[in-house]
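This report goes through the strands, helices and selected residue contacts of one protein model. The sequence and coordinates come first.

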Amino acid sequence: MANPHRQEKLGELIAAELSDLMRTRVKDPRVGFASITHVEVSGDLRHAKVMVSVMGTEEEQVATMQGLKNASGFLRRELAERITLRYMPDLVFKLDHSIAEGARILALINKVNQEDSSQPTSSTNEEA
């Protein structure tokens with residue numbers, strides 16, 4: 001039986017270490033402005049799904065994901081040196097669109113608020 005608390009803590013630790021490794025050790029020019037948003041570790045602690053947010057165009061996002069996929073073996077080995085585990089989880093990188101989606105929704109809300117504030121309010125004050 002898996003311990004969900006351990007999975008969550010291990011995911012947070014992997015996210016922090018991967019962020020540091022991507023910033024300091026990955027020299028692939030394709031890996032641009034990417035940040036780790038979340039890591040989901042499987043119940044048997046053998047697989048980790050790494051959610052990555054990439055700022056840039058669609059082509060830059062695809063290139064960054066390909067660079068991370070190619071560097072997954074290197075990153076896994078480096079993680080094994082930093083984290084003491086019996087088995088280091090296999091890393092699978094997935095593109096996370098949640099930050100871009102949140103920015104888009106915030107822009108829509110701001111647009112609606114500006115439209116509402118620019119329209120004159122018609123108040124009918126009828127007293128009975």
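## Basis of the values

The model is predicted; local features need pLDDT of at least 70, side-chain atom pairs count only at pLDDT 80 or more, and totals for chains, interfaces and linings use all residues. Residues are numbered from 1 along each chain as its sequence is written, and side-chain values use heavy atoms, with hydrogens and water left out.

Helices (H or I, at least four residues) and strands (E, at least two) are DSSP runs, numbered from the N terminus. Two strands pair if DSSP finds at least two bridges between them.

## The sheet

Three strands make up an open sheet: 3 strands in the order E1-E2-E3, with mixed pairing. Strand E1 (34-41) and strand E3 (90-95) are the edge strands, and each pairs on one side only. On average, neighbouring strands of this sheet are turned by 30° against each other, direction ignored. Axes here are lines fitted to C-alpha atoms, for helices over the stretch in contact, and angles run from 0 to 180 degrees between N-to-C directions.

Strands of a sheet pair through backbone hydrogen bonds, either parallel or antiparallel. E1 pairs with strand E2 (residues 47-54) in the antiparallel sense, over 7 bridges. These two strands form a hairpin with 5 residues between them, and Leu-45 in the turn has a positive phi of about 60°. E2 and E3 run parallel and are joined by 6 bridges.

## Residue pairs across the strands

Ser-35 has Ser-53 in E2 as its bridge partner.

How much of E2 is covered? E2 is mostly covered, with 6 of its 8 residues buried (buried means under 20% relative accessible area, exposed over 50%, partly exposed in between, with a 1.4 Å probe and protein chains only).

Ser-53 lies in strand E2 and is buried, with a relative accessible area of 5%. Leaving out residues up to four places away in sequence, Ser-53 touches Phe-33, Ala-34, Ser-35, Thr-37, Asp-96 and Ile-99; contact means heavy atoms within 4.5 Å.

Leu-95 lies in strand E3 and is partly exposed, with a relative accessible area of 24%. With residues up to four places away in sequence not counted, Leu-95 touches Met-51, Val-52, Val-54, Gln-61 and Met-65. The C-alpha atoms of Leu-95 and Met-65 are separated by 7.2 Å, although the two residues are 30 residues apart along the chain.

## Helix H3

Which residues of helix H3 (residues 72-82) are buried? They are Leu-75, Glu-78 and Leu-79. Seen down the axis of H3, these buried residues fall within an arc of 105°, so they line one face of the helix. The arc is that of the directions from the helix axis to the C-beta atoms. Helix H1 (4-24), helix H2 (58-70) and E3 are among the elements that cover the buried residues of H3.

## Ring contacts

Arg-46 lies over the face of Tyr-87, at 3.6 Å from the ring centre. A charge sits over a ring if NZ of Lys or CZ of Arg is within 6 Å of the ring centre and within 35 degrees of the ring normal.
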